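Here is a friendly briefing to read alongside the model. Please keep the sequence and the 3D view open as you go through the points.

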Amino acid sequence: MGRAIAITSGKGGVGKSSVCINLGIVLAQMGYHVCLIDVDLGLKNLDVMLGLENRVIYDLRDVMEGFCPLEKAILKDKREERLYLLPACKSVNVRYFKGSDLKLVVEELNKQFDFILLDTPAGIESGFIHSIACVKEVILVSNLDVTSIQDADRVIGILMKEGMESIQLIVNRMNPRYIDRGISIRLEDALNWLSIDLLGYVFEDENVIRSNNRGTPISLAKNTLVYDCFLAIAKRLLGEDTALPKYKEKRFLQKLFG
């Protein structure tokens with residue numbers, strides 16, 4: 001049986017979908033069969049970020065409503081042979097979105113894959129509620145700004161109320177210079193505030209956005225600090241006692257001449 005994990009956040013814009021994709025890629029590179037499910041209803045981010053938007057014929061709604069079998073809707077990634085995507089609904093009325101149908105889909109995927117990563121809507125929309133009912137683990141993505149941490153704290157309260165016991169934190173877009181200058185709050189303060197285990201962090205890098213816009217996620221290349229962050233996160237998710245990468249700022253001449 002696979003591990004179904006909801007990847008969520010308290011607010012939009014923290015890079016949740018990017019975390020979902022890059023973690024999935026690294027797990028696939030490590031030899032695990034991974035299926036991403038885009039549950040962010042109507043937005044369809046994952047197929048675009050993976051460069052698969054032109055290959056979408058069927059989607060999650062088609063599977064849930066019985067219009068096509070599950071295997072016809074799942075897309076195989078162009079570059080990682082063990083990575084697959086079940087795309088989000090092109091159009092759906094959330095009032096008619098049945099959590100019980102989503103749970104059946106996740107249970108079936110659990111038989112076929114080592115990891116099922118659900119990219120949920122931010123906040124507490126219905127897609128979020130339906131997603132956490134399908135999993136026993138949640139990864140919460142947050143930035144180190146006060147509003148992001150506050151919203152993450154609210155989501156933790158909801159998750160605990162629903163009986164979720166495994167909640168881990170990924171801090172995305174962490175910028176040590178912002179922390180030093182007091183623009184961002186300190187990582188230690190965020191951990192004390194949220195009181196959940198830190199799975200890892202990802203340093204801020206403009207190349208992440210550039211890669212996502214091109215449909216070529218940054219973790220496809222293995223020579224970046226961001227990749228090292230996701231590799232450490234994947235290993236820690238697997239239970240390994242792995243140290244998190246340290247930030248190495250390039251000197252001026254290195255930046256100038258690469």
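Threonine 242 sits in the loop that links helix H11 (225-237) to helix H12 (252-257). This is a predicted model, so please read every value below as computed from predicted coordinates.

- Threonine 242 counts as buried because its relative accessibility is 17%, and the cut-off for buried is under 20%.
- Setting aside neighbours within four places in sequence, threonine 242 is in contact with Ala232, Lys235 and Arg236.
- Does the length of H11 agree or disagree with what its residue count leads you to expect? At 1.5 Å a residue, the 13 residues of H11 should span 18 Å, and the end C-alpha atoms are 18 Å apart, so the two agree. The expected span takes 1.5 Å times one less than the number of residues.
- The buried residues of H11 are Val226, Tyr227, Cys229, Phe230, Ala232, Ile233, Ala234 and Leu237.
- As background for reading such a list, an α-helix has 3.6 residues a turn, so residues three or four places apart point the same way.
- Just after H11 comes glycine 239, with a positive phi of about 95°.

**Helix H1 against helix H11**

- Two packed helices are described by the angle between their axes and the distance between the axes.
- For helix H1 (residues 16-29) and H11, the axes come within 9 Å and cross at roughly 70°.
- That angle makes H1 roughly perpendicular to H11, because values of 65 to 115 degrees fall in that class.
- On the H1 side, the contact involves Ser18, Val19, Asn22, Leu23, Val26, Leu27 and Gln29. These residues meet Tyr227, Phe230, Leu231, Ile233, Ala234 and Leu237 of H11.
- Sorted by class, the contact of H1 with H11 has ten nonpolar residues, three polar ones and no charged ones.

**Helix H7 against helix H9**

- Helix H7 (residues 146-161) packs with helix H9 (residues 187-194) at an angle of about 25°, and the axes lie 10 Å apart.
- H7 is therefore roughly parallel to H9, as angles under 35 degrees count as roughly parallel.
- The crossing of H7 and H9 is right-handed.
- Which residues make the contact between H7 and H9? H7 supplies Val146, Ile149, Gln150, Ala152, Asp153 and Ile156, while H9 supplies Ala190, Trp193 and Leu194.
- The contact of H7 with H9 is made up of seven nonpolar residues, one polar and one charged.

**Strand S7**

- Valine 171 lies in strand S7 (residues 166-174).
- Is valine 171 buried or exposed? Valine 171 is buried, because its relative accessible area is 1%.
- Valine 171 and leucine 144 are 27 residues apart along the chain, with 7.0 Å between their C-alpha atoms.
- Not counting residues up to four places away in sequence, valine 171 touches Ser142, Leu144, Leu187, Leu198, Gly200, Tyr201 and Val202.
- Arginine 173 is also found in strand S7, and its relative accessibility of 37% means that arginine 173 counts as partly exposed.
- Arginine 173 has a phi near 55°, a positive value in a residue other than glycine.

**Serine 195**

- Serine 195 belongs to the loop between H9 and strand S8 (197-203).
- The phi of serine 195 is positive too, near 55°, in a residue other than glycine.
- Serine 195 counts as exposed because its relative accessibility is 55%, and the cut-off for exposed is over 50%.

**Around helix H2**

- Aspartate 47 has its place in helix H2 (residues 46-49).
- With a relative accessible area of 2%, aspartate 47 is buried.
- Leaving out neighbours within four places in sequence, aspartate 47 is in contact with Leu52, Glu53, Val56 and Leu85.
- Arginine 55 is in the loop between H2 and helix H3 (60-64), and at a relative accessible area of 47% arginine 55 is partly exposed.
- Arginine 55 and alanine 73 are 18 residues apart in sequence and 10.0 Å apart in space, C-alpha to C-alpha.
- Arginine 55 touches Leu75 and Lys78, not counting residues up to four places away in sequence.

Note on methods. Residues numbered from 1 in each chain as written. Predicted model: local features only at pLDDT ≥ 70, side-chain atom pairs only at ≥ 80, totals over all residues. Heavy atoms only, no water. Helix = DSSP H or I, 4+ residues; strand = E, 2+ residues; numbered from the N terminus. Buried < 20%, exposed > 50% of the residue type's maximum accessible area, 1.4 Å probe, protein only. Contact = heavy atoms within 4.5 Å. Axes fitted to C-alpha atoms, helices over the stretch in contact; angles between N-to-C directions. Parallel < 35°, antiparallel > 145°, perpendicular 65-115°, else oblique. Left-handed = near helix turned anticlockwise from the far one by under 90°. Nonpolar A, V, L, I, M, F, W, Y, C, P; charged D, E, K, R; others polar.
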